[in-house]
Amino acid sequence: MKVLVFGNPEESAEYISQEILAAVRHKPNLVLGLATGSTPIAVYVRLIHAHQTQGVDFSGCITFNLDEYLDLPEGHERSYRYFMNQHFFSGVNVRPSNRHFPPSQGKDLARQCLDYENKIQEVGGIDMQVLGIGSNGHIGFNEPTSSLASRTRIKTLAEKTLRDNSRFYRPGEVQPQMASTAGIGTILEAGKILLQAFGLKKADAVHAAVEGPVSAFWPGSALQLHPQVTLCLDADSASKLSLRDYYKRVRENDERRLKE
Ligand code: PGA
């Protein structure tokens with residue numbers, strides 16, 4: 001794993017957005033795996049800026065979101081479709097027909113989950129996956145004890161996830177308890193994974209993901225099995241890593257070699 005500790009989340013967003021923009025310029029029909037939550041918003045802001053000021057073209061890009069709540073009405077302000085429209089799609093030119101979300105309503109969700117997996121395969125797989133991590137170590141909505149080989153399916157959300165996300169809900173508002181999510185196995189098939197995590201709240205999950213044993217109890221640890229993962233952290237989320245100083249040296253050496 002490549003572990004990068006940035007001075008602040010904005011520097012990380014700059015790094016990730018530059019990676020994505022370079023990939024889009026290199027492959028205009030890039031297949032992007034996208035995440036919701038507070039963490040990736042600054043990346044989306046930068047991608048929109050690049051589209052609007054430098055004309056970066058997303059019209060060939062195909063996107064697959066990681067997860068979606070079940071049974072929220074179409075256009076509901078807590079749905080992840082709504083989130084993505086607000087924070088990304090409204091500012092770039094990804095074609096509506098190229099935006100995909102795991103199923104959230106209708107009959108035979110298991111079949112629809114399989115269709116989602118098939119759609120990813122049909123376009124040649126996800127090239128680049130933007131990822132966050134929950135304070136309990138979940139990636140997507142793959143909660144602790146999710147199979148490391150899991151595929152897109154329906155999950156009940158963990159208590160910790162419900163608590164963490166309750167900040168987005170008004171008192172008395174019903175919070176969805178279930179979601180569909182790409183599986184850990186699905187995520188591990190992406191060509192490249194870019195994960196961001198910030199703040200002390202994420203320090204245990206980051207520690208388990210980077211330095212813990214691979215365990216279904218900390219789903220982020222499954223990323224150790226992937227050959228191309230970059231973890232972008234701040235000092236707080238990196239604070240429990242015993243090899244902090246080593247990661248710093250790796251980065252300094254990489255930067256030095258790049259300049260040579
Ligand atoms: P956050 O969520 O970006 O809102 O912290 C991350 C996650 O739960 O994966």
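**Notebook: pockets, sheets and a cavity**

I began with open space, and the largest pocket came out with a volume of about 680 Å³. The model is a predicted one, so I kept to its limits: local features need pLDDT of at least 70, side-chain atom pairs count only at pLDDT 80 or more, and totals for chains, interfaces and linings use all residues. Residues are numbered from 1 along each chain as its sequence is written, and side-chain values use heavy atoms, with hydrogens and water left out.

**Entry 1, the largest pocket.** For the terms I noted that the search runs on a 1 Å grid over the protein atoms alone, where a pocket is an open set of points with protein on both sides within 12 Å along at least five of seven lines, a cavity is a set of points where a 1.4 Å probe fits but cannot get out, and lining residues have an atom within 4 Å of a point. A volume is the space filled by probe spheres set on the points, which are joined across faces, edges and corners. I found 35 residues lining the largest pocket, with Thr36, Gly37, Ser38, Tyr80 and Phe168 nearest its centre. Helices (H or I, at least four residues) and strands (E, at least two) are DSSP runs numbered from the N terminus. At least two lining residues of this pocket come from each of β4, α3 (80-87) and α5 (159-165), and α3 gives the most, with five residues. I sorted the lining by class and got 13 nonpolar, 15 polar and seven charged residues, where Ala, Val, Leu, Ile, Met, Phe, Trp, Tyr, Cys and Pro count as nonpolar, Asp, Glu, Lys and Arg as charged, and the others, Gly among them, as polar.

I then turned to the second largest pocket, which holds about 150 Å³ of space. Its lining includes Val3, Leu4 and Val5, together with Arg244, Asp245 and Tyr247. Two or more lining residues come from each of β1 (2-6) and α8 (244-259), and the largest share, seven residues, belongs to α8. By class I noted five nonpolar, no polar and six charged residues in this lining.

How many cavities of 30 Å³ or more does a search of the whole structure find? I noted one, and the largest cavity has a volume of about 50 Å³. Among the residues that line the cavity are Phe64, Tyr116, Ile126, Gln129 and Ile187. I traced at least two lining residues to each of β3 (62-65), α4 (109-122) and α6 (184-188). The cavity lining has seven nonpolar and three polar residues, and no charged ones.

Four bridges join β9 in parallel to strand β6 (residues 128-131), where Met128 has Lys192 as its bridge partner. Five bridges pair β9 in the parallel sense with strand β10 (residues 229-234), and Leu195 stands opposite Leu231 there. From β9 the chain crosses through helix α7 (residues 203-211) to β10 in a right-handed β-α-β crossover, meaning that, with the strands pointing away from the viewer, the path from the first strand over the helix to the second runs clockwise.

Strand β8 (residues 178-181) pairs with β7 in the antiparallel sense over four bridges, and Thr156 stands opposite Met178 in β8.

Last, I checked Ser97, which lies in the loop between α3 and β5. Is Ser97 buried or exposed? At 57% relative accessibility, Ser97 counts as exposed. Ser97 and Gly60 are 37 residues apart in sequence and 11 Å apart in space, C-alpha to C-alpha.

Notes. Pairing = 2+ DSSP bridges. Buried < 20%, exposed > 50% of the residue type's maximum accessible area, 1.4 Å probe, protein only.
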